[in-house]
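Trainee: I am new to this structure and would like a close look at a single part of it. Please take me through that part step by step.

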Amino acid sequence: MLGWQRPMLVGAIGLSLVLWLWQSFDSAVGLSELSVFSAVLLGISLWWWQQNKLKKATSVDNSPPNREKVVKAIAKASNIINQLQAEAENHATLSTLQEQFTNLNNQLERQQLNIAITGGKAVGKTTLLQALSNWENTSNKPVTFQETQPLFTLENPNVIEANYADLVIFVTSGDLTDSQWQIWQQMAAKNQRTVLAFSKQDEYLPAARATVLYSLQQKVTDVVAISAKPNVVKVRQHQSDGTVKEWLETPAADISELGQYLQQIVVKEGQQLIWETTIRQAVNLQIEAKTALNQVREQKATPIIEKYQWIAAAATFANPVPALDLLATAAINASLITELGNIYQQKFSFQQAQTVAGTMVRLMLKLGLVELSTKAIATLLKSNVVTFVAGGALQGVSAAYLTRVAGLSLVEYFQSQEVATNAETGLNLDKLGQTLQKVFQQNQQVTLLQTFVQQGMNRLLPEAQTKAS
Ligand SMILES: Nc1nc2c(ncn2[C@@H]2O[C@H](COP(=O)(O)OP(=O)(O)OP(=O)(O)O)[C@@H](O)[C@H]2O)c(=O)[nH]1
Ligand SMILES: [Mg+2]
């Protein structure tokens, strides 16, 4: 089964379950056993669906990091940078990428643990940072603390700039808001180790404090309460002679629980946390380098796609068949696939390219792309592009358009592949099909099509065009 059909199928099953449920609720007085059963079933299928969606959305590697993994991640970044240098030796980003790579390599032996203190405005970050300066670190790893810009301010949108941090202390002075929770999840998705510090304990009455703490504990595993700088309080004492003595007192700060917590983490997880950070930075570097590499390659790919799209247009125009027969006109040329494959260092034989060309045509037919685009192009041709349409123009422009969509899909597909050198990687047709559909939808906007049809007509019928305009 093709991958993109699966969600629809699940959706359909879900829908029929709901309908069935509806009926059983309707016929039963109250909750019959059957409807309870089906509700459970629906719940399970929704849960399963949700799980699957989650799995797809966050495909992070959750296995514990080790030195070997770090070395691999750094090597992979280096490979991509070298590839970029080989393909575009004067690329503007090369020097910064290489500099980042050198820094990263030095991180491999790092012993010092970097801890970031973050949170919203005025939650007590600086106060905590100062209190932690007296913290006695008994582990063998030196530790630095650094405060981030306050989150959730106008200058600082909802992103946390703490990629360098091996551990993040997230300070909040109350229950988590939606935006705080989002940031928290962002960090989790990036494998960032976090501790939640519930600050300003002294500002709560005991019952309220317990409620907030309980609520935080429901959401997050690592929660610690702190009061880094309690407010001054008025103390009253009734004397034996009946008078009342009053004075101001500053309660002692209390961050001892957090201190112990940190100590444990540093000792037990310190090395792993450093590795995790280095991997995270290596992956970021990989992405940066790959983006640059993809841009370079796309610049080479664009004229090639254009070349083949006009070849297809001319061939089909000269030799039109009643219904656009993409197989007969070889609109998706195996040479196009081979040339694009070369740009993206994807190795496959010409024969494989031919097979892929045939498969792409069949996919386009199966997905209804051929019919859809021919209809759309016919409408545009008739309505507002030219006054006189020669026979074969529709087929010519359609063939060009579909060649273009196929070319762009291949580019997108290749760009999402690993930057592998000399690897004999077959094409994943399931994924290619999904890309095809996506790219087709992106290019199916009327204005894009209109421009394209205009270009096509200028190519095929330069004279008709001058007459029309
Ligand atoms: N009552 C009470 N007030 C605190 C506590 N910790 C910090 N504060 C007060 O909260 C206010 C803000 O503290 P900061 O440490 O400057 O907070 P911040 O998060 O660094 O603030 P920005 O950097 O401006 O976002 C100050 O007036 C602190 O005295 C605490 O434990 N209890
Ligand atoms: Mg501050």
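Trainee: Which residue in strand 2 is the bridge partner of Ile115?

Mentor: The bridge partner of Ile115 in strand 2 is Phe145. Before going on, note that this is a predicted model, in which local features need pLDDT of at least 70, side-chain atom pairs count only at pLDDT 80 or more, and totals for chains, interfaces and linings use all residues. Residues are numbered from 1 along each chain as its sequence is written, and chains are lettered from A and ligands numbered from 1 in the order in which they are written.

Strands here are DSSP runs of E with at least two residues, and helices are runs of H or I with at least four, both numbered from the N terminus. Strand 1 covers residues 113-119 and is joined by five bridges to strand 2, residues 143-147. These two strands run parallel; strands count as paired if DSSP finds at least two bridges between them. From strand 1 the chain passes through helix 5 (residues 125-132) to strand 2, in a right-handed β-α-β crossover. Right-handed means that, with the strands pointing away from the viewer, the path from the first strand over the helix to the second runs clockwise.

Strand 1 also has five bridges to strand 3 (residues 167-172), again in parallel. There, Ile115 stands opposite Leu167.

Six of the seven residues of strand 1 are buried, so this strand is largely enclosed by the rest of the structure. Buried means 20 or more other C-beta atoms within 10 Å of the residue's own, exposed means 12 or fewer, and partly exposed lies in between, with C-beta atoms placed from the backbone.

Leu128 touches, among others, Ile117, Val171 and Ala197, leaving aside residues up to four places away in sequence. Such a contact requires C-beta atoms, placed from the backbone, within 7 Å.

Conventions:
Two residues are in contact if their C-beta atoms, placed from the backbone, lie within 7 Å.
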